[in-house]
Amino acid sequence: MMINDALLAFPGILLALGLLAVIGPSKWGIVVALGLAYAPVVTRIVRGQALALRERDFVEAAIVGGATTPRIVWRHIVPNLMGPVIVQMTFAFGTVVLVEASLTFLGLGRHVDHSWGAMLDQARALGIGLRKPGPDRHRAGVHRVGEHRQRAGQRGIGRRRGGFGGRGH
């Protein structure tokens, strides 16, 4: 568990970045790097749950009943571990997708057309969508909104015309 604690000390993206720098950018390299970067979290959850489950009554009943250790593990412990593991993997999936996109954007992933990082890299190369609006664009937009409101006010659109009768006194 000390190795697991050492791996948990580093942020997942930093660990994956370092592993990919050593392994090299490839499809399997990114799979291995992301797996090693985010496996310690699942390992800690599995260990904690297994230690809690071994104290439960159904496990002690299986021990008293003469069940072997592999039977207890596969029949009682592993099925009860699956719930928390599936929940953790569901949470981690979104993070892993964003980390993969970040690594691909940085050039350490595999550049395929369906990766978010590759799409952002292509957009950056073309200059699409990554520029901030300049002061002149912003002012022009505000000016246009102001003009539109002024014209609407002159035509009487959007103004209340009076009381409940709508006669416009």
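# Notebook: a chain of helices

I note here that the model I am reading is a predicted one.

**Entry 1. Overall make-up.** I looked up the secondary structure next and found seven helices and zero strands. Read from the N terminus, the elements run α-α-α-α-α-α-α. I then checked how far apart in sequence the contacting residues are. Among contacts with a separation of 6 or more, 50% join residues 24 or more positions apart.

**Entry 2. Helix 2 and helix 3.** How do the axes of helix 2 and helix 3 cross? Helix 2 covers residues 12–23 and helix 3 covers residues 27–53. Their axes come within 8 Å and cross at roughly 145 degrees. I recorded the crossing of helix 2 past helix 3 as right-handed. From helix 2, the residues that meet helix 3 are Gly-12, Ile-13, Leu-15, Ala-16, Leu-19, Leu-20 and Ile-23. On the helix 3 side I listed Gly-29, Ile-30, Val-32, Ala-33, Leu-34, Leu-36, Ala-37 and Tyr-38. Sorted by class, this contact has 13 nonpolar, two polar and no charged residues.

**Entry 3. Gly-29.** Gly-29 is found in helix 3. Is Gly-29 buried or exposed? Gly-29 has a relative accessible area of 2%, which is under the 20% cut-off, so Gly-29 counts as buried. Leaving aside neighbours within four places in sequence, I found Gly-29 in contact with Leu-20, Ile-23 and Gly-24. I also looked up a distance to Leu-19, which lies 10 residues from Gly-29 along the chain. The C-alpha atoms of Gly-29 and Leu-19 are separated by 8.2 Å.

**Entry 4. Leu-81 in helix 5.** I moved on to helix 5, which spans 69–105. Leu-81 has its place in this helix. Its relative accessible area is 10%, and Leu-81 is therefore buried, the cut-off being under 20%. Which residues does Leu-81 contact, apart from its neighbours within four places in sequence? I wrote down Val-46, Gln-49, Ala-50 and Leu-53. Arg-47 is 34 residues from Leu-81 along the chain, yet their C-alpha atoms are 9.4 Å apart.

**Entry 5. Gln-88 in helix 5.** Gln-88 also lies in helix 5. I found a relative accessible area of 18% for Gln-88. Gln-88 is buried because that value is under 20%. Not counting residues up to four places away in sequence, Gln-88 touches Val-41, Val-42 and Ile-45.

**Entry 6. The largest pocket.** How much space lies in the largest pocket? I noted about 330 Å³. The pocket is lined by 14 residues, and the closest to its centre are Leu-34, Gly-35, Ala-92, Phe-93 and Val-96. Helix 3 and helix 5 each supply at least two residues of this lining. By class, the lining has 11 nonpolar, two polar and one charged residues.

**Entry 7. Helix 6.** Just after helix 6 comes Gly-127, for which I noted a positive phi of about 80 degrees.

**Entry 8. Trp-116.** Setting aside residues up to four places away in sequence, Trp-116 touches Val-97, Leu-98 and Ala-101. I also checked Trp-116 against Phe-105, and the two are 11 residues apart in sequence. From C-alpha to C-alpha, Trp-116 and Phe-105 are 7.9 Å apart in space.

Key. Residues numbered from 1 in each chain as written. Predicted model: local features only at pLDDT ≥ 70, side-chain atom pairs only at ≥ 80, totals over all residues. Heavy atoms only, no water. Axes fitted to C-alpha atoms, helices over the stretch in contact; angles between N-to-C directions. Helix = DSSP H or I, 4+ residues; strand = E, 2+ residues; numbered from the N terminus. Left-handed = near helix turned anticlockwise from the far one by under 90°. Contact = heavy atoms within 4.5 Å. Nonpolar A, V, L, I, M, F, W, Y, C, P; charged D, E, K, R; others polar. 1 Å grid on protein atoms, 1.4 Å probe; cavity = no way out; pocket = protein on both sides within 12 Å on 5 of 7 lines; lining within 4 Å. Points joined across faces, edges and corners; volume = space filled by probe spheres on them. Buried < 20%, exposed > 50% of the residue type's maximum accessible area, 1.4 Å probe, protein only.
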